[in-house]
Amino acid sequence: MGGGSCFNALHGLKPLMLMLVVQFTSVGVNLFYKLAANDGMDIRLIIAYRFTFATVFLAPIAFFVERKSRPKLTRAVLLQSFFSGLFGGALSQNLYIESLSLTSPTFASAITQLIPAITFALAVSFGLERLNLRSVGGKAKVLGTSMGIGGAMLMTFYRGVAIDLWTTHVDLVHGSDQQQPHLEAAAAAAASHDEFAHRVLGCLLALASSFGWALWLIIQDKMGEKYPSYYSSAALLSFMAAIQSLGFALCVDRDWNHWKLGWNIRLLTVLYLGIVGTGVSVTCTTLCISMRGPLYASVFGPLVLVLVALVGSLVLEEKLHLGSVLGAVLIIGGLYAVLWGKSKDIKKMNQSVPTTTSFEDQESTAGSVVEIVSLPPDNNKGNNNMNKSTVTNSQHDRIET
């Protein structure tokens, strides 16, 4: 009994552990993005290499692990994988990078924290989630989503006083200080040349990127119903995104010298982004969506801001501020609220499932009704219907099926 309950508890924590792995890998993705960009590598090339290496990593795993259980690849699944690669990979990533160039990383990251709210609205629209404000679970999910968005906005728009908790004297982007005068001059030039139009366009691009990511979560949920092979699904997404991002990168940059990879931070970046940041992350997200739905997977997004703030203070000499701490409290509180509301919905669904009455209960309860379901024999494959017969205790001591 103790071992079984412990196993069930660990199995119930599986979606939570999967999404925590995704968020920790996302911290590494943000860190390597910054290191590679500081080295002068074009972000569009990083995205193209990212999905290419992810496809090379996932394709053999999907082929050998799921070769016996993988369902047939239909046109509908191919179409869904194409849109998954577009909205969850190539398009959303490139739109986000363009919004960064037009505005600022702080502004763009704040807009992308609307993904849980957009996913929740889309999930309710498509009938994947129920907006039941009368139940405690429904109110908790709405409140938790709002708290997460509010915390993310507070972290990005309000700095407050600096908090010196520790000093590691480690700055991986040590060359960034030399580039500050150039960046300040570029920022001043951009401010004097139609800054408002750039800010509006950057906001729209960040919103489009967030909408694309939320739409991918919905598409992936639908795709998992017809194609529940998670490694193959992630490999298809990476393959489609690789083709799309490679085509876009070739249209933007055809200088083959920029595409060369050496034994440096650029190769390490694309390897990490492809294998861990996409291969492991997309597989875990796909599995979590199949277990808890798209809304559950989306609410963990703001948690990246908390982890990035901590890692930045440790290895990038970035100081924590009061706004970051207060925002982190709101984000974690909202995350727990959504998880608690989702657990309430799951318990309510489990309680609504009728229990099966055993023969011992049927014999000990006078006048009770037992529904006996007998499967057809193996030699009668043409009949897929189950034969049902209802028998009462007062009729016979011998039950014939």
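Is F64 buried or exposed? With a relative accessible area of 51%, F64 is exposed, where exposed means over 50%, buried under 20% and partly exposed in between, for a 1.4 Å probe and protein chains only. The model is predicted, so local features need pLDDT of at least 70 and side-chain atom pairs count only at pLDDT 80 or more, while totals for chains, interfaces and linings use all residues. Residues are numbered from 1 along each chain as its sequence is written, and side-chain values use heavy atoms, with hydrogens and water left out.

A search of the whole structure finds eight aromatic pairs, a pair being rings of Phe, Tyr and Trp (its six-membered ring) with centres within 6.5 Å, called stacked when the planes are under 30 degrees apart, edge-to-face when over 60 and tilted for the rest. Two of the pairs are tabulated here.

| Pair | Geometry | Centre to centre | Angle between planes |
|---|---|---|---|
| F63 and F64 | edge-to-face | 5.1 Å | 85° |
| F82 and F83 | edge-to-face | 5.5 Å | 75° |

F63 is partly exposed at 47% relative accessibility, as are F82 at 36% and F83 at 32%. Elsewhere, Y49, F53, W256 and W259 form one aromatic cluster.
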